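Reader: I'm new to this one and would like a close look at a single part of it. Could you walk me through one spot in some detail?

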Amino acid sequence: MMALGLFFLATTAGRRTIATTTSTCISSSHKVIRPTTAFLSSSSLSHHRKYESKQHMSSSSSSSKQAPKKKKKSRGKDLRREFIGMAKAVDRGQFAITYNPGGKDGISFEAKSGLPARNKPFVVLGIESSCDDTGAAVVRSDGVILGESLASQHDIHEEWGGVVPGLAKTAHEEKIDLVIEEALQNANLTMSEVDAIGVTVGPGLEICLRVGCERAKDLALRYKKPFVGVHHLEAHILMARLPFGNLERVEVQPATEEVHEAVHAMSFPFLALLVSGGHCQLMKCLGIGRYSIIGGTIDDSLGEAFDKTARLLGLPVGGGGGPAVEALAKEGDPKSIQLPIPLQRRKDCDFSYAGLKTAVRMAADKLRLERGLESIDDLCRQDKANIAASFQNVAIRHIEQRLNRAMDMIENEQEEEGGEKIQSLAVVGGVAANLELRSRLEKVCDDRSTSWNMFVPPPRLCTDQGSMSAWAAIERIMVGSSDQADGQEVYARFPFSA
């Protein structure tokens, strides 16, 4: 362990400031690079600076006599400029690696590490370590969760106001074996009785992903089990298809010679709204590994906006800023503070929350000044509740507008082109656990001229946990897809293939 200075660049009221803090809890794998002049004596340093000055004057004099050189254009900068104002994490040909398990046509799946017998229900161990919680679960291919375990890191990151990657990695390493063992014990199974292993390989925090992935690879190779590298966002999406609880209706896929009867909460194709701490996307879901993104955030995600608002108001964020803001908002007036709805002039399906975050901060600071207080944290609980409620109201209103536009677009396309009809919405990701969001989006679906069906996993299955990795692996296996454990990499960025 070693001390490391962390530098944060903050923008407040049009002013750029650099703040320095020192942490002694960062892994020694981080390096601190100091200027070489720091190791020179005072006399040597003086000589060094005089030498630099002469060199600078000499180069300036010689360069003035030469013809000016043309600046080389940076291809990287050109690409960045090309995508300014566009949704992030969308494949437009700029990514070297994308997620495309079905090949060029989307349906040519390969069983690279084999498949379990699929003519009867099989069992998959799922492992999740993409961010700050270590999860494992054993799920049967008919949708029954046999056993699960989750090690939360809320207490570890609470004092930092957000996830510290190095601390998260260490916590994963300490808990991964225990969590897997508990999941198996709760399922009354041993590793030998598990039929396949699925593990999240991206997107996420790379050093955290690697902990779960390496453990899963080791188990798959040791016990000779089929292996599936799970896409984290696809896992969230597919949780809407898990036949959980007492559903009024389910979609039944008849058995064939190769696979057993499959029961799902909803069938392809459908529209998905993914709202989480790192992503905010609207996409058409056409099948396993086949997703067409029609809208995404151009800056911050909805979950990030909730987290930043929680920290602004001094709320506990160890369990996530979203639940803290949602709880406080219940005590406030959602129309008490006027905040702008983002992207009113853009008639597309993209999202933006950076401007709203700034507006919330400015509104809170205005209240602080009116109350004659030194800091926003000194505001009374009612003022904070009004800010939370007003923020949540506008944040969800932004979602409602974009969602209605996406539904209009899909319905118009279906009238003109025909094809399979999309009339179902899946709301997935960690923020989908927000009950106010669920209620208002359900009203959006009901108020359409032709109502849409909405599917949302139970709140505990919206957030990151092992069941999502196991179920996503089951869905891949059912279409005949698996990966090679040996050599499997993890990916911080892992967009769906265009």
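Reader: Take the second largest pocket: how many nonpolar, polar and charged residues are in its lining, by class?

Author: Keep in mind that this is a predicted model. By class, the lining of the second largest pocket has 13 nonpolar, 7 polar and 7 charged residues. That lining is made of 27 residues, and those nearest the pocket's centre are Arg-241, Gln-253, Phe-268, Ile-288 and Val-479. As for volume, the pocket comes to about 480 Å³.

Where does the lining come from? At least two residues each are supplied by β8 (251-253), β9 (262-264), β11 (280-287) and α13. Helix α13 gives the most, with 4 residues.

Now to the nonpolar cores. The largest nonpolar core has 70 residues, and Leu-125 and Ile-237 are the ones that touch the most other members. A second, separate core has 56 residues, including Val-275, Ile-294, Val-317 and Ile-399. In soluble globular proteins, nonpolar side chains tend to be buried together.

Let's go back to Ile-237 for a moment. Setting aside neighbours within four places in sequence, Ile-237 is in contact with Phe-270, Ala-272, Met-283, Cys-285, Tyr-291, Val-428 and Phe-496.

Technical notes:
Residues numbered from 1 in each chain as written. Predicted model: local features only at pLDDT ≥ 70, side-chain atom pairs only at ≥ 80, totals over all residues. Heavy atoms only, no water. Core = buried A, V, L, I, M, F, W, Y, C linked by side-chain atoms within 4.5 Å. Buried < 20%, exposed > 50% of the residue type's maximum accessible area, 1.4 Å probe, protein only. Contact = heavy atoms within 4.5 Å. 1 Å grid on protein atoms, 1.4 Å probe; cavity = no way out; pocket = protein on both sides within 12 Å on 5 of 7 lines; lining within 4 Å. Points joined across faces, edges and corners; volume = space filled by probe spheres on them. Nonpolar A, V, L, I, M, F, W, Y, C, P; charged D, E, K, R; others polar.
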